[in-house]
Amino acid sequence: MAVVELTHTAALLRGLAPMTATSRRWRDANGTEALARRCDALASRIRAGIAAHGVVHRPELGGDVYAYEVDGFGNALLMDDANVPSLLSLPYLGFVKATDPVYARTRAYVLSNATNPWFFEGRAGEGIGG
């Protein structure tokens, strides 16, 4: 969610004034372009961190999946919870397409009571709880 919203913030900042010589001076004087660049840079760093540490290889799940949580020591928690942001909401938020293979594998493990401790099934219904 942070990646998506930082990208939106950068676009919003860039759209504050039309690109003219006058507005460029106004934007630079008020730091909006510099702030937009900082938002883009932070979004890129977070996305790279997710790719490097938040995507984990799990052969038993068919390959790479998104982890719900990582600890920086190589350990990952594979689950999801009923909220937004969540792993299931990644396409809704605009972080990935629903057809992305890593997301599809993630969705499969999230929607299974065999692999997600917060997925519940019963006579009255099934779904992710918290």
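This report walks through a predicted protein model, from its overall layout to a few individual residues.

Some ground rules come with the model: because it is predicted, local features need a pLDDT of at least 70, side-chain atom pairs count only at pLDDT 80 or more, and totals for chains, interfaces and linings use all residues. Residues are numbered from 1 along each chain as its sequence is written, and side-chain values use heavy atoms, with hydrogens and water left out.

## The overall layout

Let us start with the whole chain. The protein has five helices and six strands; helices (H or I, at least four residues) and strands (E, at least two) are DSSP runs, numbered from the N terminus. Along the sequence they follow the pattern α-α-α-β-β-β-β-α-α-β-β.

How many of the residues count as buried? Of the 130 residues, 30% do, where buried means under 20% relative accessible area, exposed means over 50%, and partly exposed lies in between (1.4 Å probe, protein chains only). Contact means heavy atoms within 4.5 Å. Among contacts between residues at least 6 apart in sequence, 40% join residues at least 24 apart.

## Two helices side by side

Helix H1 (residues 2-14) and helix H3 (residues 32-54) pack at an angle of about 160°, and their axes are 8 Å apart. Here the axes are lines fitted to C-alpha atoms, for helices over the stretch in contact, and angles run from 0 to 180 degrees between N-to-C directions. H1 and H3 are therefore roughly antiparallel to each other. For such angles, under 35 degrees counts as roughly parallel, over 145 as roughly antiparallel, 65 to 115 as roughly perpendicular and the rest as oblique.

On the H1 side, the residues making this contact include Ala2, Val3, Leu6 and Leu13. On the H3 side, they include Leu35, Leu42, Ile46 and Ile50. The residues of the contact divide into 12 nonpolar, three polar and five charged. In this sorting, Ala, Val, Leu, Ile, Met, Phe, Trp, Tyr, Cys and Pro count as nonpolar, Asp, Glu, Lys and Arg as charged, and the others, Gly among them, as polar.

## Aromatic pairs

A pair of aromatic rings is described by the distance of the centres and the angle of the planes. Rings of Phe, Tyr and Trp (its six-membered ring) pair if their centres lie within 6.5 Å; planes under 30 degrees apart count as stacked, over 60 as edge-to-face and the rest as tilted.

| Pair | Centre to centre | Between the planes | Arrangement |
|---|---|---|---|
| Tyrosine 66 and phenylalanine 95 | 6.3 Å | 65° | edge-to-face |
| Tryptophan 118 and phenylalanine 120 | 6.4 Å | 70° | edge-to-face |

Where do tyrosine 66 and phenylalanine 95 lie? Tyrosine 66 is in strand E2 (residues 63-66), while phenylalanine 95 is in the loop between helix H4 (90-93) and helix H5 (101-110), so this pair links distant parts of the chain, 29 residues apart. Tyrosine 66 is buried, with a relative accessible area of 10%, and phenylalanine 95 is buried with a relative accessible area of 10%. In the other pair, tryptophan 118 is partly exposed at 34% relative accessibility, and phenylalanine 120 is partly exposed at 42%.

Threonine 106 lies in helix H5 and is buried, with a relative accessible area of 1%. Leaving aside neighbours within four places in sequence, threonine 106 is in contact with Val65, Tyr66 and Leu87.

Valine 96 is buried at 14% relative accessibility. Beyond its neighbours within four places in sequence, valine 96 is in contact with Tyr66, Leu90, Pro91 and Tyr103.

Aspartate 64 sits in strand E2 and is partly exposed, with a relative accessible area of 30%. Leaving aside neighbours within four places in sequence, its contacts are Val55, Val56, His57, Val102 and Arg105.

Is glycine 62 buried or exposed? Glycine 62, in the loop between strand E1 (55-58) and E2, is exposed, with a relative accessible area of 53%. The C-alpha atoms of glycine 62 and threonine 106 are 9.7 Å apart, although 44 residues separate them along the chain.

## A cis peptide bond

Valine 84 and proline 85 are joined by a cis peptide bond, with omega about 10°. Proline 85 is in the loop between strand E4 (76-77) and H4.
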